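Here is a short note for a colleague who is new to this model. Please read the points with the structure open.

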Amino acid sequence: MRALHARLTAVSLGLALATTIACGPADAKSVYLISRTDSSPTPVAAYDLLPAPAHLALQYQTSMPRVGTAATVLAIDATTNRLLIANSGTPQLQVMNPTTLRAVGTVTASGMTEIAALAIDGPRGRVYALESDTNRLFVYAWDPLTPALTPDGGGPRALQDIGLGRALALDAQRGRLYVGDRSSLLVRYYDTGSFALAGSVDLTPAGQTVTTLAVDAARNRIYAGNGDAATGSLSRVVMFDIGASTGIFRELPAPAVGDHVVSMAFDSDRAQLY
């Protein structure tokens with residue numbers, strides 16, 4: 001097995017594909033994904049991110065014992081080099097070392113039944129978890145060494161104006177947590193100190209609700225997609241520039257015409273969306 005890149009700069013994704021950027025040399029990067037969500041054990045793979053036209057090359061694949069009915073969400077803590085894997089039908093999350101692709105333990109997101117999305121703020125030692133199809137945001141203190149999740153500040157926060165929440169994306173630089181709602185054309189964002197509603201992004205021109213999000217904090221932009229026609233997917237990728245208050249959308253190109261954007265992540269260094 002060729003050594004995986006060790007130092008991480010996070011770009012996170014949810015559902016079946018969680019993308020992280022791992023930095024060894026300046027141009028050494030990796031992406032991690034669940035190869036099949038319904039397999040037991042669950043295959044987790046690491047790919048090199050390469051320049052065009054290759055884009056990706058498989059580094060290594062390993063298997064994790066399945067917890068719950070299916071592995072559904074991945075998130076990275078770049079600060080402490082840990083990968084969290086959430087599973088459908090259980091509050092248990094698996095913890096993996098993304099450098100070695102080996103399990104290092106499990107943690108429990110107490111109070112939760114179905115995790116739709118995760119976001120990790122490594123420097124603050126926080127994990128944000130969104131209960132599927134609700135407005136309930138759970139906040140945990142994150143100890144990656146034990147490992148352990150401890151409720152931070154009591155019970156879940158009821159996010160204002162969220163109906164069927166499905167996606168999270170964290171802009172730690174600005175203290176904003178973006179939330180996607182499969183029943184709304186607005187992406188709302190909340191202050192990570194007070195969890196008060198701080199603003200919203202109107203995606204009405206794209207006509208597509210949101211089940212996955214990515215943030216480009218360096219350029220103050222968000223990207224949005226939807227992973228299922230039943231929840232409003234029009235096979236579109238949406239980009240919105242927060243500073244300029246303008247957005248564009250594109251249909252998925254061939255050979256992905258008619259497919260859906262299950263999950264996504266942004267690499268700020270290369271200015272590329274995966």
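Strands (E, at least two residues) and helices (H or I, at least four) are DSSP runs, numbered from the N terminus. The model is predicted: local features need pLDDT of at least 70, side-chain atom pairs count only at pLDDT 80 or more, and totals for chains, interfaces and linings use all residues. Residues are numbered from 1 along each chain as its sequence is written, and side-chain values use heavy atoms, with hydrogens and water left out.

1. Start with the cis peptide bonds. One joins alanine 52 and proline 53, with omega about 10 degrees. Proline 53 sits in the loop between strand E5 (42–49) and strand E6 (56–64). Another runs from threonine 146 to proline 147, with omega near -15 degrees. Proline 147 is in the loop between E13 and strand E14 (148–151). Most peptide bonds are trans.

2. Next, look at phi. Leucine 101 is not a glycine, yet its phi is positive, about 55 degrees. Leucine 101 lies in the loop between E9 and strand E10 (102–108). Aspartate 161, also not a glycine, has a positive phi of about 75 degrees. Its loop lies between strand E15 (157–158) and strand E16 (165–171).

3. Are these two residues buried or exposed? Buried means under 20% relative accessible area, exposed over 50%, partly exposed in between (1.4 Å probe, protein chains only). Leucine 101 is buried at 2%. Aspartate 161 is partly exposed at 47%.

4. Asparagine 87 belongs to strand E8 (residues 82–88). Asparagine 87 is buried, with a relative accessible area of 1%. Contact means heavy atoms within 4.5 Å. Leaving out residues up to four places away in sequence, asparagine 87 touches Val67, Ala70 and Gln94, among others.
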